[in-house]
Amino acid sequence: MRRATDLLILASLAAALTVAGCDAIGVVGGAVGAGPAVGGNGKNKGYSASPYIVNGQQDTGHPSAGKLMSNGSGCTATLIGKKTVLTAGHCINGTAQFTIGGQTYTSAKIVVHPSYGGGNANDVAVIILSQEVVGVAPAPIMTSAPQVGQSIVLVGYGKTGEYADDFGTKRMGSNTIARVGSTTFAFDGGSNVCNGDSGGPTYLLVGSQEVIAGVHSTKSGVCGSGGTDMRVDAYQSWIKTTAGGDVVTPDNPNPNPNPNPNPNPNPNPNPSPQPSGASEGQSCTATP
């Protein structure tokens with residue numbers, strides 16, 4: 001009887017609970033799942049929206065991955081051009097500060113995908129910085145589709161556990177792609193994401209070159225259980241147009257960007273959100 005009552009309460013929370021900054025609450029495996037961001041003090045405030053790398057290790061490489069703060073919410077983001085940064089849509093909460101190579105850069109322009117709808121529905125955003133990043137080379141984005149079984153490296157500044165308080169250190173972990181949807185791919189168990197990893201990169205090898213294949217979007221259940229990324233290749237046209245061409249790809253390592261990108265709000269057909277079996281957790285941003 002007690003268990004039935006607990007389940008009823010959980011179902012009511014999933015259906016009706018609202019927390020400042022939350023976009024949506026998903027129920028995964030009988031538990032309320034949290035997306036990947038943390039509050040400015042690195043702690044969860046209610047339900048937060050950012051995953052971290054669990055069962056991973058401190059990362060001294062991947063210099064293109066930086067820490068993103070947006071009005072007190074902590075996420076991860078990646079430099080993909082001279083002034084262009086890629087992250088998750090749910091990480092944006094006003095202006096943003098991107099820290100990379102020991103320097104902090106302020107956003108001049110932020111564009112969240114026009115069809116972002118919470119969860120894994122077009123959860124990508126492009127940030128144009130106020131000045132070029134010095135001393136750090138941007139990472140190329142992947143332009144071909146990922147495949148089930150491919151080896152991947154997850155990178156993020158998130159926490160190391162569901163109840164940890166250690167947001168802000170770059171970590172990495174290895175995994176493999178378990179499922180691929182039209183705009184997403186998912187990975188299970190092992191090294192995985194937690195609060196604060198949202199918006200961070202998933203790298204894989206194309207030939208001998210490491211490229212960005214995904215953007216961390218949500219986690220499944222508790223930290224470390226599983227995660228879902230947005231497929232970068234599915235959004236490459238929108239990303240390039242929004243960035244005015246300031247995007248590195250494997251076949252274009254030195255792009256010649258438009259200095260004043262001013263894209264149409266919806267320059268290309270929108271990818272359809274993945275409705276499938278890829279598990280989806282909560283996407284919301286906690287504030288201090």
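**Close-up 1. Strand 18 (residues 209-219) pairs with strand 19 in the antiparallel sense over five bridges.** The model is predicted: local features need pLDDT of at least 70, side-chain atom pairs count only at pLDDT 80 or more, and totals for chains, interfaces and linings use all residues. Residues are numbered from 1 along each chain as its sequence is written, and side-chain values use heavy atoms, with hydrogens and water left out. Strands (E, at least two residues) are DSSP runs numbered from the N terminus; two of them pair if DSSP finds at least two bridges between them. Thr-218 has Thr-228 of strand 19 as its bridge partner. Strands 18 and 19 form a hairpin with six residues between them. In the turn, Gly-221 has a positive phi of about 65°.

**Close-up 2. Strand 19 (residues 226-231) is largely enclosed by the rest of the structure, because six of its six residues are buried.** Buried means under 20% relative accessible area (1.4 Å probe, protein chains only). Strand 16 (residues 184-188) also pairs with strand 19, antiparallel and over five bridges. Asp-188 stands opposite Gly-226 of strand 19.

**Close-up 3. Strand 13 (residues 151-156) and strand 14 (residues 171-176) run antiparallel, joined by six bridges.** The bridge partner of Leu-154 is Gly-173 in strand 14.

Definitions and conventions
Buried < 20%, exposed > 50% of the residue type's maximum accessible area, 1.4 Å probe, protein only. Helix = DSSP H or I, 4+ residues; strand = E, 2+ residues; numbered from the N terminus.
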